[in-house]
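Student: Please take me through one part of this model closely. I would like a single connected account of the packing.

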Amino acid sequence: MRQARRRMPPRASSRRRSASAGRCRSSWTDRSGANGLIGTELAARSAPDGYTLMITSTGYFTNEALMQRISYDPLKSFVPIAKVGAVQLLLVVPAESRFRSVQDLVAHARAHPGKLSYASGGNGSSQHLSAALLATLAGIQLLHVPYKGQVPAAVGTSTGEVDFSFAAITTARPLIAAGKLRILAASGASRSASYPDLPTMAEAGVPGYAYVANTFFFAPAGTPEAIVRKMSDAIGEVAREPAFREYAKSIGMEPDFVGHEDWRKTIASEREQWLKLVRDSGAKAE
């Protein structure tokens with residue numbers, strides 16, 4: 001989770017300021033940890049004056065089900081400003097793995113319940129929940145091996161410590177290029193812009209599968225509506241810039257801007273979708 005302080009919408013990824021955002025400076029504070037909980041609770045206590053924004057991901061919703069207690073209400077403690085993009089994960093196996101397809105993995109898991117292992121960056125991480133979704137939809141039992149971070153999880157997969165994992169594109173790309181990982185599928189509902197020839201999980205034999213990690217902008221509850229609208233409009237301008245779209249592609253993000261007005265209509269249903277996924281997975285915080 002990151003905070004942007006002062007009266008300017010986040011740079012998102014473009015280094016160019018949006019004209020409508022004004023000529024104000026911004027500063028950034030990284031408050032990651034506990035799946036984003038530390039930064040989120042800090043941002044919730046910030047003054048609702050337009051000087052503090054929060055950039056976060058799906059942990060904003062999943063922590064409610066993962067943690068025994070959180071001090072913020074996902075629907076009341078913040079005002080949704082915008083969603084800017086979605087990051088797909090890649091289902092990867094060691095380069096020398098005998099598994100050549102997702103169907104090979106699923107067939108093996110069905111024949112050996114609880115034996116097929118996968119790595120994640122920790123309980124409740126995107127890598128954990130994406131594999132839990134696979135287990136639910138395919139009706140299989142998998143062995144979860146949590147690592148201390150997504151990079152160690154990807155490295156552990158590449159050395160054969162586990163059978164497979166879901167990995168962010170930026171994490172997996174160097175290992176793929178080095179010939180240490182092989183990709184079987186992408187996690188989104190549509191094909192990855194970074195790997196357009198790669199099938200989706202649904203195309204690879206798991207109907208209904210779709211998992212992406214979104215990037216969200218929030219402001220503390222009570223932030224004036226006029227400021228929220230201005231922020232949303234400015235972020236939307238940046239999100240449509242070619243420079244942003246090129247940057248997003250370089251980090252495996254697929255731009256998908258949803259502004260304040262539209263997102264606030266669906267945020268409650270999105271929360272329920274994430275809570276259901278966590279509960280179905282049985283995941284708990286470490």
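Tutor: Leu91 touches Val102, Leu105, Leu134, Phe164, Ser165, Phe166, Arg182, Ile183, Leu184, Ala185 and Met201, leaving aside residues up to four places away in sequence. Contact here means heavy atoms within 4.5 Å. This is a predicted model: local features need pLDDT of at least 70, side-chain atom pairs count only at pLDDT 80 or more, and totals for chains, interfaces and linings use all residues. Residues are numbered from 1 along each chain as its sequence is written, and side-chain values use heavy atoms, with hydrogens and water left out.

Leu91 also belongs to the largest nonpolar core, which has 49 residues. Leu91, Val102, Leu134, Phe164, Phe166 and Met201 have the most contacts inside that core. A nonpolar core is a set of buried Ala, Val, Leu, Ile, Met, Phe, Trp, Tyr and Cys residues joined through side-chain atoms within 4.5 Å. Buried means under 20% relative accessible area, exposed over 50%, partly exposed in between (1.4 Å probe, protein chains only). Another core lies apart from the largest one. It has 13 residues, among them Leu90, Ala172, Leu181 and Tyr195.

Now to Asn214. This residue is found in strand β9, residues 212-220. Strands (E, at least two residues) are DSSP runs, numbered from the N terminus. Asn214 counts as buried because its relative accessibility is 11%. Asn214 touches Thr56, Ser57, Thr58, Gly85, Ala86 and Glu270, again not counting residues up to four places away in sequence. Glu270 is also one of the α9 residues that meet α2; helices are DSSP runs too (H or I, at least four residues).
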